[in-house]
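Here's a quick briefing on charged side-chain pairs. Have a look at the model first, then read on.

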Amino acid sequence: MKYLFRVLLCVATVAVFYLPVRAQKTTFEVRIANHAVGTIEAQRKVSGAAKSITIKTRIQTLLAKVNSDILNEYDNNVLTLAKSTRVAGKNGEDKETTTRRNGNDYTIVLNGARSVIDNTEIAHCVADLYFSEPKQVSRIFSEALGKFLPLHPLGSGQYELVLPEGKKNIYKYTNGELTEVEVNHTFGKALFIKTI
């Protein structure tokens, strides 16, 4: 009886430790005018056909404090749920977006306003850019904006993401790994530099 119990205990232990859950975490320092003003923590977990990505951004400058969070869930590499929140503490600048898959459509709620993207599958989101080079990808879904944005390869592992107001962010990869993001925003240019 003791032998059977030990065998079952060993099998259970092996099963728990070898579940196919892989996690990947990376951190970026946010720099404006060559001064560190915040961090971005990006984490991806994969378990079988399920994948989740979380991005936590914390920025503090003399003029503003911004916290933003993104949570994406995927099934078989297709987005099923995306939640994006941005809290700036200023009236009118806070933003909350939820994108949910319903059959072949996506329902998007952006600050209470509802819209639908018909008959599509979202396979590539902005959060994915932190974990894989977007080779052969021409558009990326923005979790915060609730819409697709054009993505253009520039060569040498660089990609340009075009925002609705015409600003462009540059994602730079070395050996397929994101190492730097150049962001053009209202305060000027910011750099996200990989630290871990």
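Predicted model: local features only at pLDDT ≥ 70, side-chain atom pairs only at ≥ 80, totals over all residues.

Partly exposed here means a relative accessible area between the buried class, under 20%, and the exposed class, over 50%. Searching the whole structure turns up nine salt bridges, and a few of them are picked out below.

**Aspartate 128 and lysine 51**
- Aspartate 128 pairs with lysine 51 in a salt bridge, with 3.4 Å between the closest N and O atoms.
- Aspartate 128 sits in the loop between β8 (113-117) and β9 (139-142), while lysine 51 belongs to strand β3 (residues 50-60), so this pair ties together parts 77 residues apart in sequence.
- Both partners are tucked away: aspartate 128 is buried at 7% relative accessibility, and lysine 51 is buried at 14%.

**Glutamate 121 and arginine 101**
- Glutamate 121 makes a salt bridge with arginine 101, the closest N and O atoms being 3.5 Å apart.
- Here the loop between β8 and β9 supplies glutamate 121 and strand β6 (residues 95-102) supplies arginine 101, so parts 20 residues apart in sequence are tied together.

- Lysine 172 and glutamate 180 meet through their side chains in a salt bridge, at 3.3 Å from N to O.
- Lysine 172 is partly exposed at 22% relative accessible area, and glutamate 180 is partly exposed at 22%.
- A network of salt bridges links Lys172, Glu180, Glu182 and Lys189.

Conventions
Residues numbered from 1 in each chain as written. Heavy atoms only, no water. Salt bridge = Lys/Arg side-chain N within 4 Å of Asp/Glu carboxyl O. Helix = DSSP H or I, 4+ residues; strand = E, 2+ residues; numbered from the N terminus. Buried < 20%, exposed > 50% of the residue type's maximum accessible area, 1.4 Å probe, protein only.
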